[in-house]
Amino acid sequence: MLEIRNKDEYKDSHGKANVKHLIVAVLALQLFILIIRIISGLILKNSVLLLEGFHVFIDLSITSAVLITLRVIEGNYAKKFSYGLYKLDDLVSFMISIIVAFSAFDIAINSMAPENYSSIYSAWIQLSTLIPLAIAGILKINAGRLMGLGSLVEDGRHTYADVYEGLGVGVGLLLFSVLHQALFYYISIGIAVIAILITAYQIGKGSIVSLLDLPKDPSLSERVKDGILKDSGVEALKDLRLRWAGPVVFGEAIITVKPSLTIIEAHEIADRLERSIYEKFGEIRNISIHIEPSVRGTRKLLIPMDGNIISKKVSRARYFLIYNINDYSLLGNIENNVSSNFGKNFMEICKRMEITDVVCRDIGENTKAMLKGLGIRIWLSKSDNLEETLRNFKDNALELIN
Ligand SMILES: [Zn+2]
């Protein structure tokens, strides 16, 4: 069974207007800094300001490229764009990074000799552009988080790092104008050039990784994996592949569900998963979820009990109830009759009974780690009522805590 659905079908407009304003503000701030630095660099004949202006130009181009690609994705043309076309974005980024590196060297080598009189204006202009730069960085990070866009958050962090770099350059210029030592002028140029080279390296590295189909952000795979396993309808995640192309990600996942599900029920689980993935991860353009019936057989849920309520302790509960998750029939009722080595005994029961899921009201770090090691999912129930908890488990209303 194969489920393909594009993001467009799950579009929601919440917070979209806000994000738009943030992005317009970011671009305006960057453009403002760019103009101020280039114009004052030309008037004051200061290569440092020109280099710093050039740097903002590169950063502005990167931010715009990310936003334009996203704009295309959101638009009506999106369906015509294939995975391969997004890869063009990486090829262009790669070429840009090389051009940027050469340009930085070129400007540095041909840098104007400092004026005899060293104007203090250069330093003040450089330092005063740091305030809008810091604001732009913060706004970018916020917009990226609102949109669930890792690439924009990353870009915001870069801008924020540029504030510190710009501060170094500004202090160099200040010392130059106060102490009249050309050395400080060249130190400023050095800092500005190195920052541009680092930027070129970052762009180049990211695009090569993407062109080679390597995971650009390995943590995204982990987070998507957790997101899929958080759904109690999913029995196991057999495979997850994410492929990066420019700022977007295409994914494919194979999940197994219990064999007794009807096609409609399995379809609902796939739907639910896609919706939650699109909501949480802004950069995922498309994810195909393949569903396979489980061949493992039964998925087994263990519930620790004291009397007729769910125990607050896991390994020290009085007895354990074991349910077949396919039909919620009771498979076993195991007395917990040991007086020591509770943890070890509990693990042995889990292994012997091939438990796949545990429900608890509270859990110690040790037990949690051991269950995790066995690949057992732990679900937190707020209620001590057995029937209510089973119902919540069925409805995917319990919280997954590992
Ligand atoms: Zn930068």
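User: Happy to look at this model with you! Between which two strands does the loop that holds Ser 294 lie?
Analyst: A word on the model itself: it is predicted, so local features need pLDDT of at least 70 and side-chain atom pairs count only at pLDDT 80 or more, while totals for chains, interfaces and linings use all residues. Numbering starts from 1 along each chain as its sequence is written. Helices (H or I, at least four residues) and strands (E, at least two) are DSSP runs, numbered from the N terminus. Ser 294 sits in the loop between strand S4 (284–293) and strand S5 (300–306).

User: Is Ser 294 buried, exposed or partly exposed, and why?
Analyst: A residue is buried if 20 or more other C-beta atoms lie within 10 Å of its own, exposed if 12 or fewer, and partly exposed in between, with C-beta atoms placed from the backbone. Ser 294 has 18 other C-beta atoms within 10 Å, so the label is partly exposed.

User: Which residues does Ser 294 touch, not counting those up to four places away in sequence?
Analyst: Contact here means that two C-beta atoms, placed from the backbone, lie within 7 Å. In terms of C-alpha atoms, Ser 294 and Ala 236 are 8.3 Å apart in space and 58 residues apart in sequence. The residues that Ser 294 touches are Glu 235, Thr 256, Val 257, Lys 258 and Pro 259.

User: Nice. What share of the contacts in the protein chain with a separation of 6 or more comes from residues 24 or more positions apart?
Analyst: For background, the protein chain has 12 helices and 11 strands, and 36% of its 402 residues count as buried. Among contacts with a separation of 6 or more, residues 24 or more positions apart account for 65%.

User: How far apart are the end C-alpha atoms of helix H7?
Analyst: The expected span of a helix is 1.5 Å times one less than its number of residues. Helix H7 (residues 182–211) has 30 residues, so it should span 44 Å, and the model agrees, with its end C-alpha atoms 43 Å apart.

User: At what angle do the axes of helix H8 and helix H9 cross?
Analyst: Axes are lines fitted to C-alpha atoms, for helices over the stretch in contact, and angles run from 0 to 180 degrees between N-to-C directions. Val 224, Gly 227 and Ile 228 in H8 meet Leu 273, Ser 276, Ile 277 and Lys 280 in H9. The axes of helix H8 (residues 218–229) and helix H9 (residues 263–280) come within 10 Å and cross at roughly 145°.
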